Amino acid sequence: GRDRRYVCGGCTRAAATCGRPFGVVPRSGCTHRRACTHGRAGHVKDTEALVTVDHLSVRFGIGRALFKPQAYVRAVDDVSLTIKRGQFFGLVGESGSGKTTLGRAILKAVPISSGHVHYSDDEVSYDLGQISKPDLKAYRKRAQLIFQDPYAALSPRMTVRDIIAEPLEVMKLTGSREETDARVREVAQRCRLNLEHLRRFPHAFSGGQRQRISIARALVCEPRFLVADESVAALDVSIQADILNMLKSLQQELGLTFLFISHDLSVVAHTCDMVAVMYLGSLVEIAPTRKLFQAPKHPYTRALLSAIPSLDPDDNRKAQRLTGEIPSPTNPPDGCRFHTRCPHAVPACAEAVPVPEKADDGHTVACHRWREIDA
């Protein structure tokens, strides 16, 4: 209002409830926070961390020797990153590097072996490593997953209406069928689905339409954080662009935060604000998208970017070929995990694990020789 204070949406009480001036996110004591639209799209942008990953590790036991596994697959090993509110955070790397496992660990869909994952929005704060079952159920409303394969992610025996409404019914977020149907229609229209599609079964739709159905199902419970796991990898290029543009518009309209997992660097360059590069379960570089593509620091990132085909007929650059195979995550090499394939490796690279260093503002790289390579 004119006194530089705001009123929670749908509430007649002034800022005395929240006790903060206009332009500041309300405290946790605000009893009308759920109706408050402050911090959403169209308001003051909040740059605080939504998801903080601190030295996260995920291991899976394989084989059995009496009462304990014979070996462990180190799918994610000592990963730390921060995803800010409203960000489109990209995660790239080769197949088998642990991208999907990291995304599922952030959603508490796989067990966390060590480390911490903190989720904190305006209402709640969770440590997913020690979260209780009631809190985990509440967390499911705030964090959802968009699956990679739209053909396998949808039940062929359910109509589109039932598929989208299932989270509402399982979590008991609506009181009546009429309320559920109204919410389903609203989300379907937002995801560019015709209302007549709600009576059909998934086999009647194309890949792009099925992916829209999957996105609508993820959005129906009004989450704040979404993990898109290769969500456009199975689609044609023209359909990919349509789905990506829809995700960007949904992010702006609803104030969503995305972790976008992909192996397609051109898609990441078009969509993401920040990019993390993953290799054999570890992060090797994190940077804003423009900085990463213009000035990569890590040899692995340089090799990935050199493999992007160019449309310029006069571009004589050649892709940097990496020799050897990716080591097994069951028995990763000592020191820097990339040293077995790195063209700049020296004996010291096999002895000590590189500590992530700040190259400049927002740019972090884990390499012993990145300064020499950059020079």
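1. Start with a cut-off. A residue is called buried when its relative accessible area is under 20%, exposed when it is over 50%, and partly exposed in between. Arginine 161 has a relative accessible area of 10%, so it is buried. Keep in mind that this is a predicted model.

2. Now look at what arginine 161 pairs with. In general, side chains of opposite charge can pair when their charged atoms come close. Arginine 161 forms a salt bridge with aspartate 162, and the closest N and O atoms are 3.0 Å apart. Glutamate 169 also meets arginine 161 in a salt bridge, at 3.5 Å from N to O.

3. Move on to helix α4, which covers residues 177-190. Arginine 177 and aspartate 181 both lie in this helix. They are 4 residues apart, about one turn of the helix. Their side chains meet in a salt bridge of 3.9 Å, N to O. Aspartate 181 is buried, since its value is 19%. Salt bridges that share partners join Arg161, Asp162, Glu169, Arg177 and Asp181 into one network. The structure holds 24 salt bridges.

4. Which charged residue is buried yet has no salt bridge? Aspartate 127 is the one to check. This residue sits in strand β5, residues 125-127. The nearest side chain of opposite charge belongs to lysine 108, and it is 8.3 Å away. Aspartate 127 does have a polar contact: its side chain is joined to that of histidine 116 at 3.2 Å.

5. Proline 111 belongs to a loop. The loop runs between α1 (99-106) and β4 (114-120). Proline 111 is exposed, because its relative accessible area is 53%. Proline 111 and arginine 59 are 52 residues apart along the chain. Their C-alpha atoms are separated by 8.4 Å.

6. Next, empty space. Rolling a probe the size of a water molecule over the atoms shows where such space is left. How many cavities of 30 Å³ or more does the structure hold? There is 1. The largest cavity has a volume of about 70 Å³. It is lined by 13 residues. Nearest its centre lie Cys336, Cys342, Cys349, Cys367 and His368. The lining divides into 9 nonpolar, 3 polar and 1 charged.

7. Last, the second largest pocket. Its volume is about 550 Å³. The pocket is lined by 27 residues. Closest to the centre are Asp78, Ser282, Leu283, Val353 and Pro354. Which elements give two or more residues to this lining? They are β2 (71-84), β10 (282-288) and β12 (363-365). By type, the lining residues divide into 15 nonpolar, 6 polar and 6 charged.

Definitions and conventions: Residues are numbered from 1 along each chain as its sequence is written. This is a predicted model: local features need pLDDT of at least 70, side-chain atom pairs count only at pLDDT 80 or more; totals for chains, interfaces and linings use all residues. Side-chain values use heavy atoms; hydrogens and water are left out. Buried means under 20% relative accessible area, exposed over 50%, partly exposed in between (1.4 Å probe, protein chains only). On a 1 Å grid over the protein atoms alone, a cavity is a set of points where a 1.4 Å probe fits but cannot get out, and a pocket is an open set with protein on both sides within 12 Å along at least five of seven lines; lining residues have an atom within 4 Å of a point. Grid points are joined across faces, edges and corners, and a volume is the space filled by probe spheres set on the points. Ala, Val, Leu, Ile, Met, Phe, Trp, Tyr, Cys and Pro count as nonpolar, Asp, Glu, Lys and Arg as charged, and the others, Gly among them, as polar. Lys and Arg count as positive and Asp and Glu as negative; His and the chain ends are not counted. A salt bridge is a side-chain nitrogen of Lys or Arg within 4 Å of a carboxyl oxygen of Asp or Glu. A polar contact is a pair of N or O atoms within 3.5 Å; within protein, one must be able to donate a hydrogen and the other to accept it, and residues adjacent in sequence count only if both atoms are side-chain atoms.
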